[in-house]
Amino acid sequence: MSAVELTFHERVAEAVDNPAEQLAVATGARAKFRNRAHAVAEFPAMEATRERARLIRAHTLSQLPQYLAQFSENVEARGGQVFWAQDAAECNRYITNLAQARGVRHVVKSKSMLTEEVALNDALQAAGVEVVESDLGEFILQLCGQKPAHIIAPVMHMTRHQVGAVFARELGVPFSDDPATLNATARSHLRRVFLEAGMGISGVNFAVAESGALCLVTNEGNGRLTTTAPRIHVAVMGMERLVPTLADLSTMLQLLARSATGQKLSVYSNIINGPRRDGECDGPEELHVVILDNGRSRILGSELAEVLYCIRCGACLNACPVFHTIGGHAYGSVYSGPVGAVLSPLLFGEKWLALPHASSLCAACREVCPVDIDLPDLLLRLRAEEAASGHAPLWLRLGLRAYAAIARRPAFFSSALRAGRVAGALLGSEGWIGRLPGPLAGWSAQRDFPQVAARPFRSQWKKRRQSEVGQ
Amino acid sequence: MKRERFLERVRNSLKAETLPSVKPPPLPETPTIEAQRLLRQFVREARAVQAQVHVVHQKHAAIERLLQLLAEQSGREYLCWDDKWLPVAGMQNRLTAAGYERLPREISGEPQARQKALAALAQAGVGITGCSAALADTGSLVLESRRGQGRMASLLPPVHIALLTAAQIYPDMQSFLRAQPQAGARSSNLVFITGPSRSADIEQTLTVGVHGPGALHIVLIESEE
């Protein structure tokens, strides 16, 4: 069953019903969270770099048309081709047509969340082109037909035993749960894929306007192989990926790996300046850069434009207590965690408006964000939008209206408190109510509700004031 | 036309002026670091990311160390940059004399020809390269791809041996880009390599050699003689 057929609450219920997966995600996310904290503690310039990065992102986006034009001219000057895609369909059509026109039957991919967003693999496969993911995690997911559980650690939810079972079943190798052995199996299997592929498709971490460069960051080296071995390289980028200069890129790279995995720099920070040049012995002969809007210009014109600063490091997922509890799949969207809860309704529409509720607003996400996106504020704005558009459930709207009517009138309020105290005394004991009645039962299913105090705060306050005056 | 329509939509969105447009101040200068300290920092950081650093004092010692490293590998085929891009003269002759075979490195032409060339290259046990620079703060090597400097030598074989001189070490990426601004675009590919290929996808367990080399040796030559 696809994720969207279930409601968000049903997906969450499913996720918390799976303690093994829940434990795997929480353990993985917490490990990454600690690694980041360690790396940041060792980097005295962190705060200054973060401020600079935020300025770079804001400045670039505020001047985006100029930088996009400069970038595309530089790509073309180096012999690359630029395609402007308004939406997912245009993006997928261009790449599928290109593959068919060049007689490409095998495509190898390096990890790209954007291609997940537009479901590029489905489009290529429907056109008869075979696609193989080369990132170890994405390769495992492709073998077992699953979606990424985390934007930078796609198989965070799986155990080594599960991966071993998938490899044994799908690749016909003897079972092993040793990560080094599994890694070697993937390496030799994917080597053949790289040799056969007529086209390599990659995402883009950053694009540099002043030089037309694409920057791709990987640890495994699949990003380099994907963009070197096949004859054609297609890079797919969201239009917000730009930075003005190489110096700006170096600022971003100082933050990306530290925030994502706690490394100072990822193993391969790969900067591509067009296809191979005359006299070079290797590298792709064609480079195509697809620049995608897919709703981003709409976000850019909204009060929530700040979310486009995101550099997809995943730090907010690792910091989020809700993500630890429900994992990436429960969000149901390509983008999970706090940033996913903001991006999904903005990119994919109203049916994702339940996601901004998946937050305790503790602001841990903002604290770790390398570009200081005010995620709690954006989440609140989306909740307000949902309420204003009448998408909140009827019981919630009526309940809140009733509450407002009572709370505004002191006499009503104290009678309601008295009623609550009586009801609470009947339902619970020793300060707690274990089970609330009727429509409130959902609240107490996972936790206790406090009884109303025997003496309300307001009367305690009044008494205190009186005794102070009396002294 | 298509581009204009795309950019027009972006321009229209920006009319809402929701974003500040303050230009970030220029990057502060990296303080100069004394050569010996720079070298020690680079060695420490490179080792921290599982690179194996071999410090030698002179160029002739670099060749000896390289031959030792080659002797530890199985197979006699290697990929290599042209001599002119290596800090040590006459490398290919020395390796040929020692019985090693340099594989042809041209990958081009029709898909079948490419596939055959790639398959042949994949037999190499070792790739040998020079470097454009190195970064002390992250222990990274900086490699470019130009005529005679193939990408595959640092990517395809299970072992990568890079030759580096102490004078090539910069404090960080910013100081390197400032000193060699043309490095950003003079080659079709500029890559910062920080340790051997690795993955922690499976249960956060670190494994090396996923797609790129599982072993990275850096032969670091202290003196220019």
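This is a predicted model: local features need pLDDT of at least 70, side-chain atom pairs count only at pLDDT 80 or more; totals for chains, interfaces and linings use all residues.

**From the core to the meeting of the chains**

Mentor: A:Val342 is one of the residues with the most contacts inside the largest nonpolar core, together with A:Val290, A:Val307, A:Cys316 and B:Leu164. That core has 198 residues, and helix α12 of chain A, residues 246–260, gives the largest share of them, nine residues. In soluble globular proteins, nonpolar side chains tend to be buried together.

The list of core residues names B:Leu164 beside residues of chain A, and this leads us to the place where the chains touch. There, 77 residues of chain A are in contact with 63 residues of chain B. On the side of chain A, the most is given by helix α10, residues 179–196, with nine residues. Sorted by class, that side of chain A has 34 nonpolar, 27 polar and 16 charged residues.

Two details show how elements of the chains come together. Strand β9 of chain A (residues 268–272) pairs with strand β9 of chain B (residues 189–193) in the antiparallel sense, over five bridges. Within this pairing, A:Ile271 stands opposite B:Leu190.

The second detail concerns helices. Two packed helices are described by the angle between their axes and the distance between the axes. Helix α4 of chain A (residues 64–77) packs with helix α1 of chain B (residues 2–14) at an angle of about 155°, and their axes are 9 Å apart. Angles over 145 degrees count as roughly antiparallel, and α4(A) and α1(B) are therefore roughly antiparallel to each other. From α4(A), the residues A:Leu64, A:Pro65, A:Leu68, A:Ala69 and A:Ser72 take part, and they meet B:Arg3, B:Leu7, B:Val10, B:Arg11 and B:Leu14 of α1(B). By class, this helix contact has seven nonpolar residues, one polar residue and two charged residues.

Finally, consider chain B as a whole. Chain B has six helices and 12 strands, and its C-alpha atoms fill a box of roughly 70 × 50 × 40 Å along the principal axes. Of its 225 residues, 47% count as buried. Among contacts in chain B with a separation of 6 or more, 74% come from residues 24 or more positions apart.

Notes:
Residues are numbered from 1 along each chain as its sequence is written. Chains are lettered from A and ligands numbered from 1 in the order in which they are written. Helices (H or I, at least four residues) and strands (E, at least two) are DSSP runs, numbered from the N terminus. A residue is buried if 20 or more other C-beta atoms lie within 10 Å of its own, exposed if 12 or fewer, and partly exposed in between; C-beta atoms are placed from the backbone. Two residues are in contact if their C-beta atoms, placed from the backbone, lie within 7 Å. Ala, Val, Leu, Ile, Met, Phe, Trp, Tyr, Cys and Pro count as nonpolar, Asp, Glu, Lys and Arg as charged, and the others, Gly among them, as polar. Two strands pair if DSSP finds at least two bridges between them. Axes are lines fitted to C-alpha atoms, for helices over the stretch in contact, and angles run from 0 to 180 degrees between N-to-C directions. Angles under 35 degrees count as roughly parallel, over 145 as roughly antiparallel, 65 to 115 as roughly perpendicular and the rest as oblique. A nonpolar core is a set of buried Ala, Val, Leu, Ile, Met, Phe, Trp, Tyr and Cys residues joined through C-beta atoms within 7 Å.
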